[in-house]
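Here's a quick briefing for anyone about to set up calculations on this one. Have a look at the chains first, then we'll go through the contacts by topic.

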Amino acid sequence: MSATTVPDATATKSDIRKQRRRRQGKGGPWGVIAWIMALLFFAPIAYMVLTSFHREVDAAVSPPNLFAPLVTYQYENVFARNITPYLLNSLMAAGGSTILVILLAVPAAYATAIKPIRSAAGVLQWVLSTKFLPLIAALIPVYLVFQFLGLLDSIAALVIFYTGMNLPIAIWMMHSFLSDLPKDIMSAAEIDGANLPRIIRSIVVPLAMPGIAATALITFILAWNEFLFALNLTATKASTSSVYLVSFITSEGLFIAQLSAASIVVSIPVVIAGWVAQDKLVQGLSMGAVK
Amino acid sequence: MTTTAAVLPEAAARARARESEKRTNRRRRIPLYPALIFLVIVTQIPFVVTLVLSFMDWNIMYPLDRGFAGFDNYITMASDPRMRAAAGNTIVLIVGGVLGSLVMGTILALLLDRQFPGRAVVRTLLITPFLIMPMASSLMWKHLVFNAEYGLLNGGMKWLGNLLGFNAPQVEWLSRVPMLAIIAVLIWTWTPFMMLIILAGLQAMDSDTMEAASIDGANALDKFRYLTIPHLRPYIELSIVLGTIYLLNTYDQVFSITQGGPGSATTNLTYEIYLTAFRKYDYGEAAAAGVIVVLFSIIIATFGLRLVSSLAQAKSGGSR
């Protein structure tokens, strides 16, 4: 026992040291370059934030007046222009589809990762292949079906469609998270006679909570930001915040400060969600191929 | 005699085991069904319908002409100059967007792979363009950056001109270089994604090999060429495949920044299909174009499927 743990311990220690040496390296000039590039990348967003606190007369000048007096009434204007129902629609469409996605993806991933069925690999490949199909090719049939069902301009239509759109990503992410769980605990529970819903509820979900949270955040971001289907499947009642922003296109000109404020209001929820989930972001968007 | 007697119960036992295994397997498949049925209904059936529609005359403006059309839609589409322009533009957008963001993303990933003060903040700033609602960032680029009168680009040049005493050119970006403008926005949006994939690849690299190479006297450039690049290869391929699939769906930027114009200069297939379906109301031709786009993505996907699966397999070891 001790003979095997000793070299292990030294190996990890030297690994850590190596890692530290590599990471610390010569940070100096490269760190400065990284900072400059990050600030350049972020500059348009920073300028948009600044503009949202300017008056319209100060926003539409050339060269840009970075030191114009700051005001907050653009945000008041945005809410006065009735953005709230659109935000609520986005919340319901993205939130509803996220819940549905998790409810479907966790049991599915259980069948591919924890108690793998024999055709698990094939099923996963097929799930992935559905994500590779371009959304535009589904637009007309989806539109016609929702029209037939009388579901156009309803949150339900968006929830159903976004669930289908994000389910492949969620299954792959959950598969990759559940594959890492210890399988002995599940077998023990099964021998104890717990049935499947109970095993999922009281063992899988608590153990995989970080993975479920990350999957939920990414599903939420993708649904919240979607525009093509939100535009074509809704008219007035169920329009989401991305459709709300389009109403600014027509009112070009002296409204750019207000447009900036509106853009920030609709982006803030997902930007924060993305910052929280940033470690898992790439895993989701690469369908679990990269950790 | 004795041999058959010994074999028979064994075979029966094996058959029984197989039978029970089959039963367990069937039971284990149950939790998979809700998700799979949902996926079939929402993602597969629409494509079958699209395929059917592509062989039909179906224009809302001419409801009486609805019927079987054979390959008419495909012929119309192939001779439609707008559709052909859109196909070319799609390729330009994807190649420019994917390569641009891959190069930028790789540079940034190499920088982020080092330790420096504020690294976490830099990473957070860099992923933000990808999180902002695409419609919001598209409008931001159009009105705050590219706008000829008060945009950041022309404004910045004017400011420099005032400072250094020259007459700064004021460019109508969206009518002079519309395609470049859209590609720039796409690169800005997708660089964080590429950066995160390449960064994950860099961090999965074995530092022992690097160290051994250093001891053997390899310089930084050699190590990059002969160790880093080969190691990153699957990650770069994955970025290209996923980037191509995602950028094929580009719609928001074209819709809001240029409306596909001027003329059809920036119309890609996704946008043209949308116009054909919801402005011309020609479902048949739009569906035919949709089928072509699907065929294109199937070609890309055959590479993608293998890549994703092999990377996922290698990563999770034997855990399956």
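How much area is buried between chain B and chain A, and what part of that do carbon and sulfur atoms give? The buried area is about 9800 Å², with carbon and sulfur atoms giving 74%; buried area here is the accessible area (1.4 Å probe) that two parts lose on being put together, summed over both.

Before the details, some ground rules. This is a predicted model, where local features need pLDDT of at least 70 and side-chain atom pairs count only at pLDDT 80 or more, while totals for chains, interfaces and linings use all residues. Residues are numbered from 1 along each chain as its sequence is written, chains are lettered from A and ligands numbered from 1 in the order in which they are written, and side-chain values use heavy atoms, with hydrogens and water left out.

**Where the chains meet**

- Chain B puts 111 residues into the contact and chain A puts in 109 residues, contact being heavy atoms within 4.5 Å.
- On the chain B side, Leu131(B), Met133(B) and Tyr150(B) lose the most area to chain A, together 8% of what that side buries.
- Helix α14 (residues 283–316) of chain B supplies 16 residues, the largest share of the side that touches chain A; helices (H or I, at least four residues) and strands (E, at least two) are DSSP runs, numbered from the N terminus.
- Nine residue pairs are in polar contact across this interface, both partners at pLDDT 80 or more. The rule for a polar contact is a pair of N or O atoms within 3.5 Å; within protein, one must be able to donate a hydrogen and the other to accept it, and residues adjacent in sequence count only if both atoms are side-chain atoms.
- Salt bridges between chain B and chain A number zero.

**Salt bridges**

- Side chains of opposite charge can pair when their charged atoms come close.
- Over all chains the count is five salt bridges, each one a side-chain nitrogen of Lys or Arg within 4 Å of a carboxyl oxygen of Asp or Glu.
- Asp80(B) and Lys280(B) make one of them, with the closest N and O atoms 3.9 Å apart. This pair links distant parts of the chain, 200 residues apart: Asp80(B) is in the loop between α3 (72–79) and α4 (81–112), and Lys280(B) is in the loop between α13 (269–278) and α14.
- Lys280(B) also forms a salt bridge with Glu285(B), at 3.5 Å between the closest N and O atoms, and Asp80(B), Lys280(B) and Glu285(B) are linked in a network.
- Why does Asp80(B) count as buried? Its relative accessible area is 12%, and buried means under 20%, exposed over 50%, partly exposed in between (1.4 Å probe, protein chains only).
- Glu285(B) is buried at 2%, whereas Lys280(B) is partly exposed at 40%.
- Arg82(B) and Glu272(B) meet at 3.0 Å, N to O. Here too the pair links distant parts of the chain, helix α4 and helix α13, 190 residues apart.
- Arg82(B) is partly exposed at 32% relative accessibility, while Glu272(B) is buried at 2%.

**A buried threonine in chain A**

- Thr240(A) sits in the loop between α12 (228–233) and α13 (241–250) of chain A, and counts as buried because its relative accessibility is 3%.
- Beyond its neighbours within four places in sequence, Thr240(A) is in contact with Tyr86(A), Asn89(A), Ser90(A), Leu158(A) and Ala230(A).
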